[in-house]
Amino acid sequence: MKKVLKIAVCLLMIAAAGIAVYRFAFRKSIPDAPASEQVRAILEQNDCFVCHTQTPEIPLSKMPFIGKMMDKDAYHALRFTDLDSKVVEGIDEVTLSMLDHAASYGQMPPLKYRMIHWGTGFTKKEKSVILAYVKEIRG
């Protein structure tokens, strides 16, 4: 039993180290640009446009079980908001509220997506940029 526990702890430590390396080594910095372009860059870096767009680009969508699940998730994500058109054409209050909630509570992307895509999820700096943008737009 102790051997299994030691192996589990080692695997968790390796996973945590992998996540840390990935998040800090492969993240792009936030561009020095207007707030709307910064938010768009943050959303792109965190793969928000993978699901929240009219034309989702889901890499594993052809796989038997995973593909159906991912297509279903993208369908549900698009029902909430189409970020691509909102960020390009002008953002509305509903989308602002969703961005505010996602940045404040860290519920996006969903856990099953983050388990595969380790680098997703807002950093503290990204959260502050998004929240400042929401506050600026709301006035």
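Tutor: Helices (H or I, at least four residues) and strands (E, at least two) are runs assigned by DSSP and numbered from the N terminus. The structure above is a predicted model, in which local features need pLDDT of at least 70 and side-chain atom pairs count only at pLDDT 80 or more, while totals for chains, interfaces and linings use all residues. Residues are numbered from 1 along each chain as its sequence is written, and side-chain values use heavy atoms, with hydrogens and water left out.

Student: How many helices and strands are there in the protein?

Tutor: The protein has 8 helices and 0 strands. Along the sequence the pattern reads α-α-α-α-α-α-α-α.

Student: What share of the residues in the protein is buried?

Tutor: The classes rest on relative accessible area: buried is under 20%, exposed is over 50%, and partly exposed lies in between, with a 1.4 Å probe and protein chains only. Of the 139 residues in this protein, 29% are buried.

Student: Which residues of helix α2 are buried?

Tutor: Helix α2 spans residues 35-45, and its buried residues are A35, Q38, V39, A41, I42 and L43.

Student: What follows α2?

Tutor: D47 follows α2 and is placed in the loop between α2 and α3. The phi of D47 is near 60°, a positive value in a residue other than glycine. At 28% relative accessibility, D47 counts as partly exposed.

Student: At what angle do α6 and α8 pack?

Tutor: α6 and helix α8 (residues 124-138) pack at an angle of about 150°, with axes 9 Å apart. The two helices, α6 and α8, are therefore roughly antiparallel to each other.

Student: At what angle do α2 and α8 pack?

Tutor: For α2 and α8 the angle is about 135° and the axes are 10 Å apart. α2 and α8 are therefore oblique to each other.

Student: Which handedness does the crossing of α6 and α8 have?

Tutor: A crossing is left-handed if the near helix is turned anticlockwise from the far one by less than a right angle, and right-handed if clockwise. The crossing of α6 and α8 is left-handed, and the crossing of α2 and α8 is left-handed.

Student: How is a pocket found?

Tutor: Rolling a probe the size of a water molecule over the atoms shows where empty space is left. On a 1 Å grid over the protein atoms alone, a cavity is a set of points where a 1.4 Å probe fits but cannot get out, whereas a pocket is an open set with protein on both sides within 12 Å along at least five of seven lines; lining residues have an atom within 4 Å of a point. Grid points are joined across faces, edges and corners, and a volume is the space filled by probe spheres set on the points.

Student: What is the volume of the largest pocket, and how many residues line it?

Tutor: The volume of the largest pocket is about 680 Å³. Its lining has 31 residues, of which H52, A77, M108, P109 and P110 lie nearest the centre. α3 (48-51), α4 (64-80), α6 (93-105) and α7 (111-116) each supply at least two lining residues, and α4 gives the most, with 7 residues.

Student: Which bond joins M108 and P109?

Tutor: A cis peptide bond joins M108 and P109, with omega about -10°. P109 is in the loop between α6 and α7, and P110 is placed in the loop between α6 and α7. P110 is partly exposed, with a relative accessible area of 38%.

Conventions:
Axes are lines fitted to C-alpha atoms, for helices over the stretch in contact, and angles run from 0 to 180 degrees between N-to-C directions. Angles under 35 degrees count as roughly parallel, over 145 as roughly antiparallel, 65 to 115 as roughly perpendicular and the rest as oblique.
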